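Here is a short briefing on one structure. Read it with the model open beside you.

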Protein chains: 2
Amino acid sequence: MGLSKTEAFSELHVELAELAKAMGHPARVAIVEFLVNHNACVCGDIVEELPLSQSTVSQHLKALKQIGLIDGEIDGPSVCYCINKEKWASMQSKFQSFFSNILENNNCC
Amino acid sequence: MGLSKTEAFSELHVELAELAKAMGHPARVAIVEFLVNHNACVCGDIVEELPLSQSTVSQHLKALKQIGLIDGEIDGPSVCYCINKEKWASMQSKFQSFFSNILENNNCC
DNA sequence: AACTTTAATCGTGATATTACGATTAATAAG
DNA sequence: CTTATTAATCGTAATATCACGATTAAAGTT
């Protein structure tokens, strides 16, 4: 169906999946990296850097913003996009736990 | 297009995105968790646990196997799926670096 | 007020994903 | 050899994603 049965899974699993999905495209990974490594954070700067059209970049920014990984602040006619540190810290800690659980408690047959 | 322009991005970004994408569905998160927390690892056991059909679970298992996060070993008519610890350790370290870079080097305007 | 710049949104098309039932292939059991 | 069990694959349908150009909206500039 293309519609995942999210209601059938635990909240944690759904949240982890949503966060992972948000990073599940190289363009979004690249956008985040760009925001971190450059002081620039204006949409236009990202469009220049990436091999994607303005509307496509805007869509990816929207996805990242929707889940809370970045914030967007209007600055004149431009928009300054910034990393939401709290959200990233929370994401890191959640995946940390998940990874640790896997690496520590796994005992396959 | 639904076809991501992977060739236009760095290998690291593509790899991170692929790994994230693999975890970008609650069913796959749940499958991994199940494999870790139960000694059972047979496909049928997972099907019983999840609210999904056998064919759908098989598809998710295939996706996880394809990227190397789990291994599948034939055991009679059944198949025993196991966590690939090396792959998970590598994934953890890659995301670790990514998260750390974000939390340390970010300085928004 | 008219114009420019910037980014969001709209409309659209192509491809991917998710899901299921049905079928098939492989192994074990009788 | 026949039958049962298990899981992969096939076929199909519905929905989502990705991408782009065109348009719109909002804010500055002249």
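A:Val42 sits in the loop between H2 and H3 of chain A. The model is a predicted one. A:Val42 is partly exposed, with a relative accessible area of 26%.

**Around A:Val42**
- Leaving aside residues up to four places away in sequence, A:Val42 touches A:Ser78 and A:Val79.
- A:Val42 and A:Ile74 are 32 residues apart along the chain, and their C-alpha atoms are separated by 9.6 Å.

**Confidence**
- Chain A has a mean pLDDT of 93.
- In chain A, 97% of the residues reach 70 or more.
- Within chain A, confidence is highest in H1(A), at 98, and lowest in E1(A), at a mean of 92.
- Where pLDDT is low, the predicted coordinates should not be read in detail.

**Helix H4 of chain A**
- Helix H4 of chain A covers residues 54-66, which makes 13 residues.
- At 1.5 Å a residue, H4 should span 18 Å; its end C-alpha atoms are 18 Å apart, so the two values agree.
- Which residues of H4(A) are buried? They are A:Val57, A:His60, A:Leu61 and A:Leu64.
- An α-helix has 3.6 residues a turn, so residues three or four places apart point the same way.
- The face turned away from the buried side of H4(A) carries the exposed residues A:Gln59, A:Lys62 and A:Gln66.
- What covers the buried residues of H4(A) includes three helices of chain A, H1 (11-22), H2 (26-37) and H3 (43-49).
- Strands E1 (70-75) and E2 (78-83) of chain A are also included in that cover.
- Just after H4(A), A:Gly68 takes a positive phi of about 95 degrees.

**Two serines**
- A:Ser53 lies in the loop between H3 and H4 of chain A.
- A:Ser53 is partly exposed, at 38% relative accessibility.
- A:Ser53 and A:Asn84 are 31 residues apart in sequence, and their C-alpha atoms are 24 Å apart in space.
- B:Ser55 is in helix H4 (residues 54-66) of chain B.
- B:Ser55 is partly exposed too, with a relative accessible area of 44%.
- From B:Ser55 to B:Ser90 is 35 residues in sequence and 29 Å in space, C-alpha to C-alpha.

**Where the chains meet**
- The contact takes 50 residues from chain A and 50 residues from chain B.
- About 4,400 Å² is buried between chain B and chain A, and carbon and sulfur atoms give 71% of that area.
- B:Phe9, B:Phe99 and B:Leu103 supply 15% of the area that chain B buries against chain A, more than any other three residues.
- How many salt bridges are there between chain B and chain A? The count is 0.

**Salt bridges**
- Side chains of opposite charge can pair when their charged atoms come close.
- Over all chains, the count comes to 2 salt bridges.
- One of them joins the side chains of A:Glu15 and A:Lys94, at 2.9 Å from N to O.
- This pair links distant parts of the chain, with A:Glu15 in helix H1 and A:Lys94 in helix H5 (residues 85-105) of chain A, 79 residues apart.
- A:Glu15 is partly exposed at 26% relative accessible area, and A:Lys94 is partly exposed at 25%.
- B:Glu15 forms a salt bridge with B:Lys94, and the closest N and O atoms are 3.0 Å apart.
- Here B:Glu15 is in helix H1 (residues 11-22) of chain B and B:Lys94 is in helix H5 (residues 85-105), 79 residues apart.
- B:Glu15 is partly exposed at 25%, and B:Lys94 is partly exposed at 26%.

Terms used:
Residues are numbered from 1 along each chain as its sequence is written. Chains are lettered from A and ligands numbered from 1 in the order in which they are written. This is a predicted model: local features need pLDDT of at least 70, side-chain atom pairs count only at pLDDT 80 or more; totals for chains, interfaces and linings use all residues. Side-chain values use heavy atoms; hydrogens and water are left out. Helices (H or I, at least four residues) and strands (E, at least two) are DSSP runs, numbered from the N terminus. The expected span of a helix is 1.5 Å times one less than its number of residues. Buried means under 20% relative accessible area, exposed over 50%, partly exposed in between (1.4 Å probe, protein chains only). Contact means heavy atoms within 4.5 Å. pLDDT is the predictor's confidence in each residue, from 0 to 100. Buried area is the accessible area (1.4 Å probe) that two parts lose on being put together, summed over both. A salt bridge is a side-chain nitrogen of Lys or Arg within 4 Å of a carboxyl oxygen of Asp or Glu.
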